[in-house]
Amino acid sequence: MALQGYSEEALHKRFEDLKGLDHHKNDLITELLCRMDNLSNNFQQMSLDHQRETQFNREGQLREQQLQNKLRKLESFMNRDPFVSVLIDGDGMIFEDEMIKRGEIGGKEAATKLWNAIRDYLHEKLPDVQSDCRIMTRIYANLKGLAEVCYKSGIVERSNTLEDFYRGFTGSKILFDFVDVGPGKDRADEKITELFKLQLSDYRCHHIFFGCSHDNGYARLLEQYTEPSLTSRITLLEGVPFEKELKFLQSQYSSVKFGELFRAKKINIYSPAQPTSSLPPATQAVRAASDSSGAPLPHGVYQSPYQPITNGSNPSPTLSNASVMNPKAASWASTATAAAQLVSPPPTPQPAPSHPATSDEIPRNRNLQRIDPPIVYDKELVNKVRNMKLCNVHFLRNDCGYKPCTHSHDYKLSKNELGALKAIARMVPCYYGSDCDDPKCIYGH
């Protein structure tokens with residue numbers, strides 16, 4: 001046998017060697033089994049993770065598809081009725097005389113011309129605007145006041161012609177509307193401002209044409225929207241030349257002038273045939289205060305979109321609401337509730353004295369020039385009284401001769417309110433200046 005050549009010690013040594021090999025073999029097998037268990041556990045965990053991720057991805061894909069469907073529906077809904085808006089302050093943006101004179105027919109013509117002008121501008125300047133955009137137009141104005149101004153200025157022969165004009169304008173196009181805001185300060189401004197803000201945030205409104213060139217008050221509104229993403233959606237319409245503050249902002253916005261549609265000059269309601277000498281003195285003073293260049297009038301007198309008129313039979317008897325005394329007034333809307341409210345009627349015209357009067361009842365300086373005693377008044381109260389439509393001549397002279405008078409005689413003034421009314425009247429310069437010899441004159445000297 002092969003083992004015969006080995007000694008007992010050699011056999012024991014071989015046995016020990018084999019035992020060591022078995023130990024290493026067992027260790028290897030044990031280590032392999034442990035690794036297999038770890039890999040198996042990791043595999044099971046990753047399988048669970050994979051299943052979870054697969055389920056999550058599947059749900060995410062379904063959710064994404066649902067959101068995309070909703071987005072498409074929402075975009076389809078938002079693009080379903082695209083429109084451009086035309087907002088016009090009709091107190092100062094006034095259509096051309098010839099169209100107004102034709103009443104309802106002229107209103108339809110004005111609506112058609114405006115629609116065509118906007119459509120042509122969109123095609124030429126704003127090609128990105130959808131071709132199927134509808135044109136929505138809103139004009140806000142004090143119809144009664146505007147009609148009376150047009151009548152007094154000779155633009156129309158009947159005061160209701162303007163009502164016919166805007167009836168034709170509104171009936172001509174489905175989305176063309178004229179809104180009569182009635183008398184009251186800033187009524188048209190407030191409505192236009194709120195609608196402007198609403199439409200600027202409306203996704204369906206692709207562009208806004210804003211007719212406000214006559215009113216500096218809209219500069220406050222436009223100053224809030226100077227980001228390029230917003231200014232690119234706004235075009236300013238020009239009728240009369242842009243007022244100073246609006247002209248400063250004009251560079252930030254697009255602007256367009258439709259010369260055949262809107263008046264380029266403010267309404268002058270002085271009768272062209274009426275000589276200046278036939279006007280009451282205070283009216284002459286205000287008229288003389290403005291120059292032909294349209295420069296701002298002195299003493300804070302504001303030249304509104306129309307000039308004051310005096311009618312030989314019934315000139316306006318008050319200044320309490322006169323926009324000539326309010327430099328911030330941007331249109332005649334706040335003062336046109338009755339014809340010609342810009343100036344108060346003067347006292348009965350008197351020939352200028354050949355030499356200064358020296359009556360003790362009238363304060364004069366050392367050069368015998370008339371001076372006015374100071375009046376202490378509250379600015380807020382002056383603004384309040386100015387809007388009350390009181391008759392200056394009645395309350396301050398007690399000899400109003402206008403029948404019927406278009407301003408109130410019935411209000412009971414307090415002492416402070418009477419002082420405020422005196423201050424309002426004092427703001428109009430007297431025609432005779434420092435030579436005035438009328439003790440009851442209520443104007444400024």
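1. Let's start with Phe95. If you skip residues up to four places away in sequence, Phe95 touches Ile100, Ala110, Ile139, Phe165, Tyr166, Phe169, Leu261, Phe262 and Arg263. Touching, or contact, here means heavy atoms within 4.5 Å.

2. A word on what you're looking at. This is a predicted model, where local features need pLDDT of at least 70 and side-chain atom pairs count only at pLDDT 80 or more, while totals for chains, interfaces and linings use all residues. Residues are numbered from 1 along each chain as its sequence is written, and side-chain values use heavy atoms, with hydrogens and water left out.

3. Back to Phe95, which is among the residues with the most contacts inside the largest nonpolar core, along with Leu114, Ile118, Tyr166 and Phe169; that core has 41 residues. A nonpolar core is a set of buried Ala, Val, Leu, Ile, Met, Phe, Trp, Tyr and Cys residues joined through side-chain atoms within 4.5 Å. Buried means under 20% relative accessible area, exposed means over 50%, and partly exposed is in between (1.4 Å probe, protein chains only).

4. Who builds this core? Strand E1 (83-89), H2, H3, E2, H4, H5 and E3 each supply at least two of its residues, and H3 gives the most, with seven. These labels are DSSP runs numbered from the N terminus: helices (H or I) have at least four residues and strands (E) at least two. Apart from this core lies another one, of 26 residues, including Met136, Phe196, Leu200 and Ile234.

5. Now take a look at H3 itself. H3 has 23 residues and reaches 32 Å from its first C-alpha to its last, close to the 33 Å expected. The expected span is 1.5 Å times one less than the number of residues in the helix. Among the buried residues of H3 are Gly103, Ala110, Leu114, Ile118, Arg119 and Tyr121.

6. Helix H5 (residues 161-172) is worth a stop too. Its twelve residues reach 17 Å from first C-alpha to last, close to the 16 Å expected. Thr161, Leu162, Asp164, Phe165, Tyr166, Gly168 and Phe169 are its buried residues, and they pack against helix H2 (97-101), helix H3 (103-125), strand E2 (134-141), helix H4 (143-152) and strand E3 (176-180).

7. Next, the second largest pocket, with about 350 Å³ of space. Of the 17 residues that line this pocket, the closest to its centre are Ile375, Lys422, Arg426, Cys441 and Ile442. The lining divides into eleven nonpolar, one polar and five charged residues. Helix H12 (392-396) and helix H13 (415-426) each supply at least two lining residues.

8. Arg426 sits in helix H13. Is it buried or partly exposed? Arg426 counts as partly exposed because its relative accessibility is 24%. Leaving aside neighbours within four places in sequence, Arg426 is in contact with Asp372, Pro373, Ile375, Ile442, Tyr443 and Gly444. The C-alpha atoms of Arg426 and Asp372 are separated by 8.8 Å, with the two residues 54 apart along the chain.

9. Finally, two backbone angles to check. Leu368 has phi near 60°, a positive value in a residue other than glycine. Leu368 is in the loop between strand E8 (306-307) and helix H11 (379-386), and counts as partly exposed at 37% relative accessibility. Lys389 also has a positive phi, near 60°. Lys389 is in the loop between H11 and H12, and is partly exposed, with a relative accessible area of 31%.

Definitions and conventions:
On a 1 Å grid over the protein atoms alone, a cavity is a set of points where a 1.4 Å probe fits but cannot get out, and a pocket is an open set with protein on both sides within 12 Å along at least five of seven lines; lining residues have an atom within 4 Å of a point. Grid points are joined across faces, edges and corners, and a volume is the space filled by probe spheres set on the points. Ala, Val, Leu, Ile, Met, Phe, Trp, Tyr, Cys and Pro count as nonpolar, Asp, Glu, Lys and Arg as charged, and the others, Gly among them, as polar.
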